[in-house]
Amino acid sequence: MAQLQQPEIESEQELPDIPFNLPAVEGRELEHVQAAVRGGHLSSGGEFAHRTAEILAADTGSPEVLMTTSCTAALELSAMLMDLKEGDTVIVPSFTFTSTGLAFARQGAGLVFCDIEPVTLGLDPAHLASLLDDHVRAVVVVHYAGVACDMEGIRAVLADRPDVRLVEDNAHGLFGRWRDEPLGSLGRFATLSFHETKNFVCGEGGALVLNDPEDVDRARVLYDKGTNRHAFMLGQVDKYTWKDTGSSFGMSDVLAAYLLGQLEQREAVQAKRRHLHERYESALAPHTEELGFEVMRVPEDRRPAHHMYYVLLSHRDRRNDVLELMRKTGVQATFHYQPLHTSEAGRSFAARTTECPVSQDVSDRLLRMPFYNNLSDPDADRVVAAFLDAATATLPDR
Ligand SMILES: Cc1ncc(COP(=O)(O)O)c(C=O)c1O
């Protein structure tokens, strides 16, 4: 391992930090929040939740979108709708956030961790094929960084298993496309996140996208504490009662009001994020060979949602050294997921042991650049300079 050298960018050390993420007000969020508060409907099922759900359903063409308290909650609701039984398993990527597995483990499923493929960092169809057996009730995919995973390969593997439900954990991929198909429209269920780290935020929030009309009526009951309140509100029944299992999944209309202000600016927000991606890409790609790193890949037939921008260093120690050097210059780059199959809870919820070497390798080498809507061009250039200096200082033969 080469000796760690300090990059020579002292003048920049006086500059304010560039954070990893910085949520911003993009439009009429505060106006909408005031209207929600003044209107007096602060709980779930209000006008603003309705308007946000309409925008989301229009993008995916889905029959119903339920606004939830988080993406985790939306995943839990999808798991509840499956009526998982003892012995059932759900295949999830190892390289993802805990919620992707937790929601199904909590409903009693054994988890089977699947590896990712190295191009999109999405589920590896070949590994998926080797894991499918009669116990599998669902497969969960994540479109990492907002780049669609290999849906052609995954669909081919699942072609003769219509009993296996496909769930898209689309926490990163809102408004992305696989070929011409919207991310979030590809699974029977899709889930969204509006956590403050995402492209569109309301602090904590999410949505469950239902793509099979068969699920809609029951989902509404589970969503509303197991009651048929929704049917009552529509005048379909004269009182509402306890009908089924469920929980309190609904998003407060105050948060939905904030989120509506964000979603109204979706084209402007996505354009800013695309611009940042392109700026990083054009500044970094020419140096990959000379400095021994890879830039993130977006296959031609995908339109990314631009949730993040990452690079892969040659090995873990070097990635960690580069992060440390960048942070010393005030640039808050960071790593990402630790593979779930090696975590304490992942091992205890696993139905069986699986090998996920690509997940481990990517986890070791991945570095995420600061990425947010209003990161300015000069700041993006400062991030690039800090990275290139750190990559140079950590070149193995120096
Ligand atoms: C892939 C993925 N799924 C789910 C979640 C959880 O989202 P939330 O915080 O909205 O529950 C995250 C959070 O970052 C995530 O990255």
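**Exercise 1. Is Leu121 buried or exposed, and what is its phi?**

Step 1. Leu121 has a relative accessible area of 1%, so Leu121 is buried; buried means under 20% relative accessible area, exposed over 50%, and partly exposed in between, with a 1.4 Å probe and protein chains only.

Step 2. Find its place: Leu121 sits in the loop between β3 (110–114) and α5 (125–131). Helices (H or I, at least four residues) and strands (E, at least two) are DSSP runs, numbered from the N terminus.

Step 3. Look at the backbone: Leu121 is not a glycine, yet its phi is positive, about 65°. Most residues other than glycine have a negative phi.

A word on the model: it is predicted, so local features need pLDDT of at least 70 and side-chain atom pairs count only at pLDDT 80 or more, while totals for chains, interfaces and linings use all residues. Residues are numbered from 1 along each chain as its sequence is written, and side-chain values use heavy atoms, leaving out hydrogens and water.

**Exercise 2. Where is His306, and what is its phi?**

Step 1. His306 belongs to the loop between β11 (302–303) and β12 (310–313).

Step 2. Its relative accessibility is 7%, so His306 counts as buried.

Step 3. His306 is not a glycine, and its phi is positive at about 55°.

**Exercise 3. Describe the surroundings of the ligand.**

Step 1. Start with the shell: 16 residues surround the ligand, and the closest are Thr72, Asp169, Ser193, Lys198 and Tyr337. A residue is near a molecule if one of its heavy atoms lies within 4 Å of it.

Step 2. Sort the shell by class: five residues are nonpolar, nine polar and two charged. Here Ala, Val, Leu, Ile, Met, Phe, Trp, Tyr, Cys and Pro count as nonpolar, Asp, Glu, Lys and Arg as charged, and the others, Gly among them, as polar.

Step 3. Now the atom pairs. An N or O atom in the side chain of Asp169 is 2.7 Å from a nitrogen atom of the ligand. Oxygen atoms of the ligand lie 3.0 Å from a polar side-chain atom of His172 and 2.7 Å from one of Lys198.

Step 4. Taken alone the ligand exposes 390 Å², of which the protein buries 91%; accessible areas come from the Shrake-Rupley method with a 1.4 Å probe.

**Exercise 4. Which members of the largest nonpolar core touch the most other members?**

Step 1. The largest core has 61 residues, and Leu56, Met67, Phe104 and Phe194 touch the most other members. Its largest share, eight residues, comes from α3.

Step 2. Follow one member: Leu56 touches Val65, Met67, Leu174, Leu192, Phe194, Ala207 and Leu263, not counting residues up to four places away in sequence. Contact means heavy atoms within 4.5 Å.

**Exercise 5. What does helix α7 pack against?**

Step 1. In α7 (residues 216–223), Val216, Ala219, Val221, Leu222 and Tyr223 are buried.

Step 2. The buried residues of α7 pack against β1 (64–68), α3 and β9 (206–210).

Step 3. Just after α7, Lys225 takes a positive phi of about 55°.

Key. Polar contact = N/O pair within 3.5 Å; in protein donor to acceptor, adjacent residues only side chain to side chain. Core = buried A, V, L, I, M, F, W, Y, C linked by side-chain atoms within 4.5 Å.
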